[in-house]
Structure formats: structure tokens, C-alpha cells
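Please look at the sequence and the three-dimensional model together before reading on.

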Amino acid sequence: MLPKDTNAYGTIFGGVILSHIDLAGGIEARRQSPKKFVTKAMREVVFVAPVYLGDLVTFYTRTIEIGRTSITVDVEVE
């Protein structure tokens, strides 16, 4: 995370983390099919601890379900 992503408390904005979650989910969906995807919904996001400037953040993804017109992807942030 970079200085431009921080708030007044020195932690990373939640919206920045959400953006990266969306990107990681898109990458995982693209692994399953060469089609274009859009994010319809994020069912649940739980912020457990703050992310500080300089922290290394890793996004782990896995495909949960592949439907006829949709893909459900789980993204875990560490």
C-alpha cells in the first residue's frame, strides 16, 4: 500500500481494499473463462484489522461456483 492510499490515521482506506478485492475477483473469474465480467455484488466484507502504510497485503482467490451466466468467487485478504 502506498501513501496516497492512507487516511489521516495512517491506515489504508477501506475503499482501496475493496477495489483490490474487486480486481482479484476479476482475475480469478478470467482464469475460468475468456469472457468479460462485471461485479454484480459483494455479499459480505468484514474488516477485521486495519492495514497500515507499508504493509504487504495478499489476496487469495478461489472459484466457488460456475453457473451458466455467472461465477462466484471467494477472495480472502491477508
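Strand 2 gives the largest share of the lining of the largest pocket, namely seven residues. Strands here are DSSP runs of E with at least two residues and helices are DSSP runs of H or I with at least four residues, both numbered from the N terminus. A pocket is found on a 1 Å grid over the protein atoms alone, as an open set of points where a 1.4 Å probe fits, with protein on both sides within 12 Å along at least five of seven lines, and its lining residues have an atom within 4 Å of a point. This is a predicted model, in which local features need pLDDT of at least 70 and side-chain atom pairs count only at pLDDT 80 or more, while totals for chains, interfaces and linings use all residues. Residues are numbered from 1 along each chain as its sequence is written, and side-chain values use heavy atoms, with hydrogens and water left out.

The largest pocket is lined by 36 residues, and those that lie nearest its centre are Ile21, Ala41, Met42, Val73 and Val75. Helix 1 and strand 2 are the elements that give two or more residues to this lining. The second largest pocket is lined by residues that include Gln32, Lys35, Phe37, Arg68 and Ile71. In the classes, Ala, Val, Leu, Ile, Met, Phe, Trp, Tyr, Cys and Pro count as nonpolar, Asp, Glu, Lys and Arg as charged, and the others, Gly among them, as polar.

| Pocket | Volume | Lining residues by class |
|---|---|---|
| Largest pocket | about 1300 Å³ | 21 nonpolar, six polar, nine charged |
| Second largest pocket | about 150 Å³ | three nonpolar, five polar, three charged |

The chain as a whole contains one helix and two strands, and along the sequence they follow the pattern α-β-β. Its C-alpha trace spans about 45 × 20 × 20 Å along the principal axes. Of the 78 residues in the chain, 18% are buried, where buried means a relative accessible area under 20%, exposed means over 50%, and partly exposed lies in between, with a 1.4 Å probe and protein chains only. Among the contacts with a separation of 6 or more, 51% are between residues 24 or more positions apart, a contact being heavy atoms within 4.5 Å.

A hairpin of four residues leads from strand 1 to strand 2.

The buried residues of helix 1 are Val16, Ile17, Ile21, Ala24, Gly25, Glu28 and Ala29, and they pack against strand 1 (59-66) and strand 2 (71-77).

Which residues does Thr11 contact beyond its neighbours within four places in sequence? They are Asp5, Thr6, Pro50, Val51 and Tyr52. Thr11 is found in the segment before helix 1 (14-32), and it counts as buried because its relative accessible area is 13%. Lys4 is also found in the segment before helix 1, but Lys4 counts as exposed because its relative accessibility is 65%. Glu76, found in strand 2, counts as partly exposed because its relative accessibility is 46%. Not counting residues up to four places away in sequence, Glu76 touches Thr58, Phe59 and Tyr60.

Methods
Grid points are joined across faces, edges and corners, and a volume is the space filled by probe spheres set on the points. Two strands pair if DSSP finds at least two bridges between them.
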